[in-house]
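Let us read a protein model together, one feature at a time. Each question takes a single idea and then its case.

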Amino acid sequence: MGYRRQIAMLLMLLSMLIVMLLWSAVQERRAKETVRVTDETYNYKADPINGLNIYTYGKDVDGKMIPFQGGPMWLIYEEHGCASCHGENGKGKKDVEDVDIPPPNIVRLVKNGGPVSYEKFSDIVRIGIKPNSTDMSMDMPRYSMPDNYLRDLYDYVRGF
């Protein structure tokens with residue numbers, strides 16, 4: 001009876017080893033097939049209404065606030081988005097309450113394939129890194145939003 005148990009245990013270990021080797025081979029093959037998604041290969045069809053809502057009100061199309069850190073204190077208590085500092089047309093406002101540095105004209109950054117790619121735009125909006133790789137003022141809020149929302153916002157701004 002001990003002999004049968006040893007054989008069963010050996011067969012079980014052997015089958016586990018085979019499964020692990022197959023799994024490893026599949027994962028290695030998948031890793032080689034992975035293609036980096038870039039601005040050129042990104043095929044998401046942006047939602048212009050969601051982009052408008054995020055830009056104007058700081059909310060998604062369902063009315064949920066987009067979480068953020070930083071920015072002027074009044075932004076926390078009021079329902080405003082990018083337009084409150086960058087203006088409805090994206091050209092920036094001169095005097096914004098509790099903001100030390102005037103918000104820039106974002107139209108020239110993204111319009112007609114301007115110098116700011118989707119990836120750079122993502123760095124600006126999410127982590128506050130300028131296109132020249134320097135830190136932005138904390139006057140600029142850092143928004144936490146999924147890629148599709150960020151694409152909606154980027155495409156909306158490019159439409160100015």
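The dialogue below goes from the whole chain to single residues.

Q: What kind of model is this, and how are its residues numbered?
A: This is a predicted model, where local features need pLDDT of at least 70, side-chain atom pairs count only at pLDDT 80 or more, and totals for chains, interfaces and linings use all residues. Residues are numbered from 1 along each chain as its sequence is written, and side-chain values use heavy atoms, with hydrogens and water left out.

Q: How many helices and strands does the chain have?
A: Helices (H or I, at least four residues) and strands (E, at least two) are DSSP runs, numbered from the N terminus. Here the chain has seven helices and two strands. Along the sequence they follow the pattern α-α-β-α-α-α-α-β-α.

Q: What share of the residues is buried?
A: Buried means under 20% relative accessible area, exposed means over 50%, and partly exposed lies in between (1.4 Å probe, protein chains only). Of the 160 residues in the chain, 32% are buried.

Q: What share of contacts joins residues at least 24 apart?
A: Contact means heavy atoms within 4.5 Å. Take the contacts between residues at least 6 apart in sequence: 51% of them join residues at least 24 apart.

Q: Is Asn50 buried or exposed?
A: Asn50 is in helix α2 (residues 48–57). Its relative accessible area is 2%, so Asn50 is buried. Set aside its neighbours within four places in sequence. Asn50 is then in contact with Lys59, Asp60, Val61, Tyr149 and Asp152.

Q: How many salt bridges are there?
A: A salt bridge is a side-chain nitrogen of Lys or Arg within 4 Å of a carboxyl oxygen of Asp or Glu. By this rule there are three salt bridges.

Q: Which parts does the pair Asp147 and Arg126 tie together?
A: The side chains of Asp147 and Arg126 meet in a salt bridge, at 2.8 Å from N to O. Asp147 lies in helix α7 (residues 147–158) and Arg126 in helix α6, so the pair ties together parts that are 21 residues apart in sequence. Asp147 is partly exposed at 40% relative accessible area. Arg126 is partly exposed too, at 25%.

Q: Which residues are linked in a network of salt bridges?
A: The network links Arg151, Asp155 and Arg158. Asp155 pairs with Arg151, the closest N and O atoms being 3.7 Å apart. Asp155 also pairs with Arg158, with closest N and O atoms 3.9 Å apart.

Q: Which residues form a negative surface patch?
A: Patches are made of residues with over 30% relative accessible area and no salt bridge: like charges are joined within 9 Å, nonpolar side chains (Val, Leu, Ile, Met, Phe, Trp, Tyr) within 5 Å. Lys and Arg count as positive and Asp and Glu as negative; His and the chain ends are not counted. The place of a charge is NZ of Lys, CZ of Arg, CG of Asp or CD of Glu. Here Glu78, Glu97, Asp98 and Asp100 form a negative patch.

Q: What is the phi of Asp98, and where does this residue lie?
A: Asp98 has a positive phi of about 65°, although it is not a glycine. Asp98 lies in the loop between α4 (83–86) and α5 (107–110). At 49% relative accessibility, Asp98 is partly exposed.

Q: Where is Ser133, and what is its phi?
A: Ser133 is in the loop between α6 and β2. Its phi is near 70°, a positive value in a residue other than glycine. Ser133 is exposed, with a relative accessible area of 53%.

Q: Which residues is Met138 in contact with?
A: Met138 is in the loop between α6 (118–127) and β2 (142–143). Leaving out neighbours within four places in sequence, Met138 is in contact with Gly70 and Gly71. Met138 and Gly128 are ten residues apart along the chain, and their C-alpha atoms are separated by 7.8 Å.

Conventions. Accessible areas come from the Shrake-Rupley method with a 1.4 Å probe; for residues, only the protein chains shown count as cover.
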